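Please read the following report alongside the sequence and the model. It takes a few helices, aromatic groups and loop positions in turn, and then turns to the chain as a whole.

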Amino acid sequence: MTAERALHEELAVIGDGALPAGAACFPLDTERSPEDLLADLKARLAERRAEVDTDPFANPILLLSLEVKRRLESGAWSYSAVEQLVQRLTVDAFDGRSQRLGAYLGECDPEANEARIRDAVEGLTRTAGGEDVPFEAFRSRIERELFGMVITAHPTFGIDPVLMRIMAELAGGRDAEGRPLDAGGRADRLRQAARLEHRPAKGLDLKQELVIANEAIGHIHDALARMRRIVLEVAAERYPDRWHALSPVLITLASWVGFDLDGRSDISWANIVATALRNQIAQFGRYRRSFEALRGAAGRHAALGHVIDLILARFTLAERDAADALAVFDASSADLALLQRQAQAMHASQDGRLVHAKPLIELIDGALDLEPPQDLAIALVGLRAELAGLGLALAHVHTRINAQQLYNAVRKQIGMTTPPDDPSRKWTYLRQIEGLIEQAEPAAINFGSIIDEETSAKRLFMLIAQMLKYVDADRPIRFLIAECETPFTLLTALYYAKVFGVDDRIDISPLFETGKALATGHVVIADALSSPAFAAYVRRRGRLAIQMGYSDAGRYLGQTAAAFMLERLRLRVGALLLERGLGDVELVIFDTHGDSIGRGGHPRSFADRLAYVDTAESRARFAESRLRCKQEVSFQGGDGYLYFMSETTAFAAVTRILEHSLAPAAPTDDPFYDETVYVEEFFSRVAQFNQALMANSDFAALLGAYGANLVYPSGSRALRREHESLSARVDLESATQLRAIPQNAILQQLGCLANSIGGVGEAVSADPERFQRLYHDSARFRRVMNMIEYAFMFTDLDVLKAYVDLFDAGLWQARAARRIERERADELIEVARVVEAEGLHERLVRVMRRLRYDHRELALALREHRRRRREEGADPIAVSPEARDNMHMLHALRLGLIQNLLLLAVHLPDFSSRHDINRDGLIHRLIHLDVPSVLGRLSDIFPVQETRVADGDFGEVATYRGDASQGYAHEHATLFRPMGGLHELIRRIGSGVIHNIGALG
């Protein structure tokens, strides 16, 4: 018997201690085997699917969910057995996800990846004709920043770090110590996964996110160090007399975790300083441990050991200073006197603080002059390169703020009474801000200045000044500006950069993400460069940094249209720099995209993901014009960190990035760039469809039907604005009230990835033959359409319809008419009344029909494309039958559980309205699965046991017990706790769906 088979047999009795104590939603049922339930469910699923062939109105998912409900109602199944089955299906999905993750990364064997890096670097030492490349030419290539990895935090922490590590080990095929996993090792990891809750860490907050982010960053550092070692080994072989002078960079590492202020007010100025200090301490620790290892290797080389001891002393002292400061800034309520004393100490020791890498680099140079053995020399040169390129903090800092916050800061100074792009005033505003820039003089600040400042934008510039002063003075800080749609925004940022004396070490970067910004971003840059002050700033910095996003662009325009507009913008900005005589300025393009299809993460492979954003055409055009371009991409939250939760997978990802960055940029001759009229009109149709969908109140109703309540809260950033009253209706009025991640997550959980496939069917139908021709002939168009193929295979309108039909009062009435028991029939009728009062079903059906028309056209086009692929001997993109069965069963189970939850909801006892809370309001929230907040209020209204004052010593015994003092144990046992357990299972199923799709939101 194989280990894998043994595992599946063990999973058949997963309820026997599989989940940790206290994690189970319902008392353990040992009489019903989850394996029996699984076999039963699979058989019924096959039968229900067969019915579709003879009954076009049959919905196998809804029919199967009704059978789940009936089995629970009859007692044939128990909630505990269903809970065990859900865990079994979720672990199966987890296993499948880990296997896909490994295939996605490509080669994961560390030795093989070392060889691939060596081959890529050796290729830089020879020309295409086989001639030796001069040292300086080789040096200029490897000392450049070719690619940037940016760690960002968004609410996509779908599973806790323990499960993330297990998945990374399974994907990479190696354990935490780097040993290969055999079948038994894989089975052991899956057993661990089977005994854990598949959910985010409880109480997840920004501090926990920082810990997880820094774990991922640590593995990236290890991978980059390994890469630098290989580069230097190749250089030592090819350039034995000069390699010591090298300082290879190639790939940089940045983070905005704890520094991103866009859309959140829960990060204080002290939090930001604490995060910077914490990251610095972590990096000092990494350097110290590296030099301690070298000290041991130096052995009896006294002079070398002495130099290393000096370096170690600097790091030890610097760690202590930073830790002292962190203790003050990290305190939740540090008193002012304590803060003043710490600020005084930091200022007094400023000259001696370790904020520049140069003194350490000079010591390393001195150590190299002692001619240590080559292995030690390579290690020293690698550390010198890390100090020079990555600096004294764990990662380069990216801050982010919203454009509106800049406007609020400058409004009074220029008398701005209208938006900055107001046609009647915009040129006046631009002249006024240019005047302020010309007159700006650096202002001296201290930490007290930050405390006194009430404007968030000014406060952030002050924080940047203090971080450059006391943390890392060498590495520039990125200043990202969200919703930047006018040059006024960039000039305002430059003004404050000059006021606070950081304009020489800050890269002002506009974020272009909305449809308007993507269409006119190059105009914004052009107008900004028309300002002498901004043009001089760009020349002085030697780079122009821009940020482009796939998230909001994906939902407002559709992912395919967003990809088209993002690539067009990058080409336009590159051409603009050449037109303005700025061809010697480096163009930094930060593409912020997530790791799901809905947020621009290409699903075919890691290599495709890189090529999807950093396109072959743009690389070729930039190379031809000799325009230097640094590509940056983000890795967001729990989904993005998965690649870096083991040393093996982190090194595989870094290898893919290096291979992509060093690959020759050759002309593509792709017809995608010749058929400009068709391509423009195709993506315009996609964008129009999605813009109309986002403006459709029925679509907002679909998103709000269950909201984000099908999944666990997955991060510290708010998903939408809060509502004040529990009795108030919380329906979404507009899809714009949600952020991109929850919108994607909701659609994925409903089985309709509309943000990715929406509008493509209509665009195809305009000219199907031309579409098929371009699909076949264009590598770029095919890569874009691969996104659609993957999203399409996870889209199932039967699943969507099953969720929508739960809001159909007629369905509940029809079920009541078939019930003999009066009590059961009355329950169903009451649910019918409640859902009819919601008035949602007709709206949901309307938007579903709209999606179905588009879906049909896309299905026909993909069917034809797959036929052609088969004729050419290629396998079509398709979800595995096992994964499809898994998802259908999970959806059917969840739909059955939701039905039972609704039946419990209508039994909610009445109570006197208090604090704007009433029974109808709570039932409304339960219908939308907002269970935790309702149960919190119900616990207050119906306490299990109220304290009896009469039980105190009043001199005489009281035997009377009023109703209030007897508590509401019955309601808690029969209603409230079961509702909580059902909702917990509903969200666990959400985790299983996430594993099947491969990402959250």
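## Helix α19

In this predicted model, 12 of the 13 residues of α19 are buried, so the helix is largely enclosed by the rest of the structure. Buried here means under 20% relative accessible area, exposed means over 50%, and partly exposed lies in between, with a 1.4 Å probe and protein chains only. Helices (H or I, at least four residues) and strands (E, at least two) are DSSP runs, numbered from the N terminus. The model is a prediction in which local features need pLDDT of at least 70 and side-chain atom pairs count only at pLDDT 80 or more, while totals for chains, interfaces and linings use all residues. Residues are numbered from 1 along each chain as its sequence is written, and side-chain values use heavy atoms, with hydrogens and water left out.

Helix α19 covers residues 487-499 and reaches 19 Å from its first C-alpha to its last, close to the 18 Å expected at 1.5 Å a residue, where the expected span is 1.5 Å times one less than the number of residues. Its buried residues include Pro487, Phe488, Leu490, Leu491, Tyr495, Tyr496 and Val499. After α19 comes Gly501, which has a positive phi near 70°.

## Helix α7

Helix α7 (residues 161-172) has 12 residues, and its 16 Å reach from first to last C-alpha is close to the 16 Å expected at 1.5 Å a residue. This helix is mostly covered, with 10 of its 12 residues buried; among them are Pro161, Leu163, Met164, Ile166, Met167 and Glu169.

The cover over the buried residues of α7 includes α4 (79-105), α8 (183-194), α9 (206-238), α26 (637-641), α27 (647-662) and α42 (969-997), where contact means heavy atoms within 4.5 Å.

## Aromatic pairs around Phe682

The structure holds 44 aromatic pairs. Rings of Phe, Tyr and Trp (its six-membered ring) pair if their centres lie within 6.5 Å, and planes under 30 degrees apart count as stacked, over 60 as edge-to-face and the rest as tilted. One of the pairs is edge-to-face and joins Phe682 and Phe683, at 5.1 Å centre to centre and 85° between the planes. Phe682 is buried at a relative accessible area of 1%, and Phe683 is buried as well, at 2% relative accessibility.

Phe682 also forms a stacked pair with Phe771, at 6.0 Å centre to centre and 15° between the planes. Because Phe682 lies in helix α28 (residues 676-695) and Phe771 in helix α33 (residues 768-777), this pair ties together parts that are 89 residues apart in sequence. Both Phe682 and Phe771 are buried. One aromatic cluster is formed by Phe564, Phe672, Tyr673, Tyr678, Phe682, Phe683, Phe771, Tyr775 and Phe781.

## Arginine side chains

The charged end of Arg226 sits over the ring of Phe651, 4.6 Å from its centre, and Arg815 lies over the face of Trp812, 4.7 Å from the ring centre.

Arg568 is in helix α23 (residues 559-579) and counts as buried at 18% relative accessibility. If neighbours within four places in sequence are left aside, Arg568 is in contact with Ala519 and Glu680.

## Loop residues with positive phi

Glu371 has a positive phi, near 55°, in a residue other than glycine. Its place is in the loop between α13 (358-369) and α14 (374-390), and Glu371 is exposed, with a relative accessible area of 69%.

Asp669 likewise has a positive phi, near 50°. Asp669 lies in the loop between α27 and α28 and counts as exposed at 72% relative accessibility.

## The chain as a whole

The secondary structure of the protein chain comes to 42 helices and 8 strands. Its radius of gyration is 30 Å, close to the 30 Å that the globule rule gives for 1001 residues, so the chain is as compact as a globular protein of that length; the radius is taken over C-alpha atoms, and the rule is 2.2 Å times the number of residues to the power 0.38.

Along its principal axes the C-alpha trace spans about 90 × 90 × 75 Å, and 60% of the 1001 residues count as buried. Among contacts with a separation of 6 or more, 82% involve residues 24 or more positions apart.

Definitions and conventions. A charge sits over a ring if NZ of Lys or CZ of Arg is within 6 Å of the ring centre and within 35 degrees of the ring normal.
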